[in-house]
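Please read the following report with the sequence and the coordinates open beside it.

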Amino acid sequence: MNSQPRLLALLIAAAAACTSVGCAVTSGQSSVGEYVDDATITTRVKARLAQDPVASAMRTQVETQNGVVQLSGFAASEAERAQAAELARTVPHVKGVRNDIIVRPPSN
C-alpha cells in the first residue's frame, strides 16, 4: 500500500491547521507559540485568582501579551489589589505585571 498520498494529505491538513491558528495571533506578538504561552499564562492567573480567598476573580480581568500580565477591574481593598498582583507574579513565565485594578470599597 502506498503511503505517499496519506502523508501528503496529512501534511496538507497540518499546514491548513497551522495557517488557521496563525490568524489568531494578535498584532504585536511574533509567533503562534507566544500567543499560546500568553493564553496559558492568562488561564493560570485566572485559576489562581479563583482559588484565592482574598483576590476576586469575578471583578478582575486578566490579559497577557508577550509574558506581561495586565490586571484590570475593581478591588474592595488595597490588600485585594496587591494580592492579585502577587498571585500573577508567581505564575511561571510571567515577565511582568501591570496592575491597573482600581480600589473601590463596597458601598453600604
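Over which residues does pLDDT stay under 50, and how many contacts beyond four places in sequence does the model have for them? The stretch is residues 18-25, and the model has six such contacts for it, where pLDDT is the predictor's confidence in each residue on a scale from 0 to 100 and a contact means heavy atoms within 4.5 Å. Averaged over the protein chain, pLDDT is 81, and 67% of the residues score at least 70.

This is a predicted model, in which local features need pLDDT of at least 70 and side-chain atom pairs count only at pLDDT 80 or more, whereas totals for chains, interfaces and linings use all residues. Residues are numbered from 1 along each chain as its sequence is written, and side-chain values use heavy atoms, with hydrogens and water left out.

**Overall layout**

The protein chain contains three helices and three strands, taken as DSSP runs numbered from the N terminus (helices are H or I with at least four residues, strands are E with at least two). In sequence order, these elements follow the pattern α-α-β-β-α-β. Among the contacts that join residues at least 6 apart in sequence, 59% link residues at least 24 apart. Of the 108 residues, 24% count as buried; the term buried stands for under 20% relative accessible area, exposed for over 50%, and partly exposed for values in between, with a 1.4 Å probe and protein chains only. The protein chain exposes about 7,200 Å², of which carbon and sulfur atoms supply 58%, the areas coming from the Shrake-Rupley method with a 1.4 Å probe and, for residues, with only the protein chains shown counting as cover.

In soluble globular proteins, nonpolar side chains tend to be buried together.

Ala84, in helix H3, is buried because its relative accessibility is 1%. Leaving out residues up to four places away in sequence, Ala84 touches Leu49, Ala55, Leu71 and Ile101. With the same exclusion of residues up to four places away, Leu49 touches Ala55, Ala57, Thr60, Val62, Ala84 and Leu87. Leu71 lies in strand E2 and is buried, because its relative accessibility is 0%. Beyond four places in sequence, the contacts of Leu71 include Val45, Val62, Ala84, Ala85, Ala88 and Ile101.

| Pair | Separation in sequence | C-alpha to C-alpha distance |
|---|---|---|
| Ala84 and Leu49 | 35 residues | 6.7 Å |
| Leu71 and Arg98 | 27 residues | 6.2 Å |
| Met58 and Gly73 | 15 residues | 9.1 Å |

**Loop residues**

Met58 is found in the loop between H2 and strand E1 (60-65), and it counts as exposed because its relative accessibility is 76%. Most residues other than glycine have a negative phi. Asn66, in the loop between E1 and E2, has a positive phi near 55 degrees without being a glycine, and Asn66 is partly exposed, with a relative accessible area of 29%. His93, which is not a glycine either, has a positive phi of about 75 degrees. The loop between H3 and strand E3 (96-103) holds His93, and His93 is exposed, with a relative accessible area of 66%.
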